[in-house]
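Thanks for coming. I have one structure to go through today, so please have the sequence and the model open on your screens.

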Amino acid sequence: MRRRKFTRRGSYIVEAVIVVPVFIAAVLMLISIIPAAAVCENIVFSSADELRLEMFKSAFRKNPAALPANAAYRIRAENPKLRFYQIRGFRYLYREEGIEDLIRMDFRAVIKEENPFDFYSSVIFDGSLAGRAFTGKLHRETPGRGTEERQIVYIFPEWGKRYHRKQCTYVQSNCRLVYLSQKTKKKYMPCKLCEARSAQIGTPVFCFTDSGRAYHTADCRTVDKYYTEMEKADALEKGYTPCEKCGGG
């Protein structure tokens, strides 16, 4: 019988014939998955952006249908490879675990991504987003907190570490931080010194609620000290102490 000689070169060729196609297939599969992952990332970003916008707009109007419609239109327009997109659950300004004004949106997307082997040609992506709408209300009930400290006090964020009563002369003589709305525009006139007329809805503005008739922007020379309100428990946690003049309530 003849002996057959096997060389290392021959074994390398056999291994290459087996391994290289598998490696190429894996690389092609990875390359085909990357665009699908990019679409998923875009869906999350667009959904979160539309949710954030609705959280802001809810302070000035209530429109439960706006968010699902706007999100679906934007996501379909931005992602041509999207085969299917559906809002599977939506709750608007609801209350849960002591937190109110919540907005939640659940969605499902099916992404079409062709590849040479027809593996994972459809990617199913489920997502859920939730946030608390800005409605001008304070969070009165923090989970785990008792009711004994739920008292509103007034503080100056950039001036002093005291909290005050609403009737305190320090509060009465200074301006209040508010966010510009149609209600504010009806009640106050824009300040001519700082050209507050150009401020957009939602912009932080300042009003002398007891004596003033105009709203001002932050760079107005009339804005020296301003106050805002918070719960007494939060003020104590942040290191504020009672006003020596009014007792802080």
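I will go from the whole chain to its sheets, then to the cores and a few single residues.

First, a caution: this is a predicted model. The protein chain carries five helices and 11 strands. It has 249 residues, and 34% of them count as buried. The chain exposes about 16500 Å², with carbon and sulfur atoms supplying 55% of that area. Now take the contacts between residues at least 6 apart in sequence: 63% of them join residues at least 24 apart.

Let me begin with the three-stranded sheet. Its order is E1-E2-E3, it is open, and the pairing is antiparallel. E1 and strand E3, residues 122–132, are the edge strands, each pairing on one side only. On average, neighbouring strands here are turned by 10° against each other, ignoring direction. How many bridges hold E2 and E3 together? There are 11, in the antiparallel sense. To find your place on the screen, look for Met 105, which stands opposite Leu 129 in E3.

H2 has 13 residues and spans 18 Å from its first C-alpha to its last, close to the 18 Å expected at 1.5 Å a residue. Which residues of H2 are buried? They are Ala 66, Leu 67, Pro 68, Ala 71, Ala 72, Arg 74 and Ile 75. As a reminder on helix geometry, an α-helix has 3.6 residues a turn, so residues three or four places apart point the same way. You can go through the buried positions of H2, including Leu 67, Ala 71 and Ile 75, with that in mind.

The largest one has 20 residues, and Ile 43, Leu 82, Tyr 85, Ile 111 and Phe 125 touch the most other members. Helix H1, residues 8–57, supplies at least two residues of this core, and so do H2, E1, E2 and E3. Another core lies apart from it, with 17 residues, among them Val 205, Phe 208, Cys 220 and Val 223.

Next is the other sheet. Eight strands form it, in the order E7-E9-E8-E6-E10-E4-E5-E11; it is open, and its pairing is mixed. The edges are strand E7, at 189–190, and strand E11, at 241–242, each pairing on one side only.

E7 pairs with strand E9, residues 214–216, in the parallel sense over two bridges. Pro 190 has Tyr 215 of E9 as its bridge partner. From E9 we step to E8: these two run antiparallel and are joined by two bridges. Here Phe 206 is partnered with His 216 in E9. One more step takes us from strand E8, residues 204–207, to strand E6, residues 175–179; four bridges join them, and they run antiparallel. Tyr 179 has Pro 204 in E8 as its bridge partner.

While we are in this region, look at the loop between E7 and E8, where Ala 199 is placed. Is Ala 199 buried or exposed? It is buried, because its relative accessible area is 10%, and the cut-off for buried is under 20%. Leaving aside neighbours within four places in sequence, Ala 199 is in contact with Leu 180 and Thr 217. Its C-alpha is 9.2 Å from that of His 216, a residue 17 places away in sequence.

Last, two backbone angles to look at. Most residues other than glycine have a negative phi. Leu 93 has a positive one, near 50°, and this residue belongs to strand E1, residues 82–96. Asp 101 also has a positive phi, about 65°, without being a glycine; its place is in strand E2, residues 99–112. How do they stand on burial? Leu 93 counts as partly exposed because its relative accessibility is 24%, whereas Asp 101, at 7%, counts as buried.

That is what I have; questions are welcome.

How values were computed
Residues are numbered from 1 along each chain as its sequence is written. This is a predicted model: local features need pLDDT of at least 70, side-chain atom pairs count only at pLDDT 80 or more; totals for chains, interfaces and linings use all residues. Side-chain values use heavy atoms; hydrogens and water are left out. Two strands pair if DSSP finds at least two bridges between them. Buried means under 20% relative accessible area, exposed over 50%, partly exposed in between (1.4 Å probe, protein chains only). Contact means heavy atoms within 4.5 Å. Accessible areas come from the Shrake-Rupley method with a 1.4 Å probe; for residues, only the protein chains shown count as cover. Axes are lines fitted to C-alpha atoms, for helices over the stretch in contact, and angles run from 0 to 180 degrees between N-to-C directions. The expected span of a helix is 1.5 Å times one less than its number of residues. A nonpolar core is a set of buried Ala, Val, Leu, Ile, Met, Phe, Trp, Tyr and Cys residues joined through side-chain atoms within 4.5 Å.
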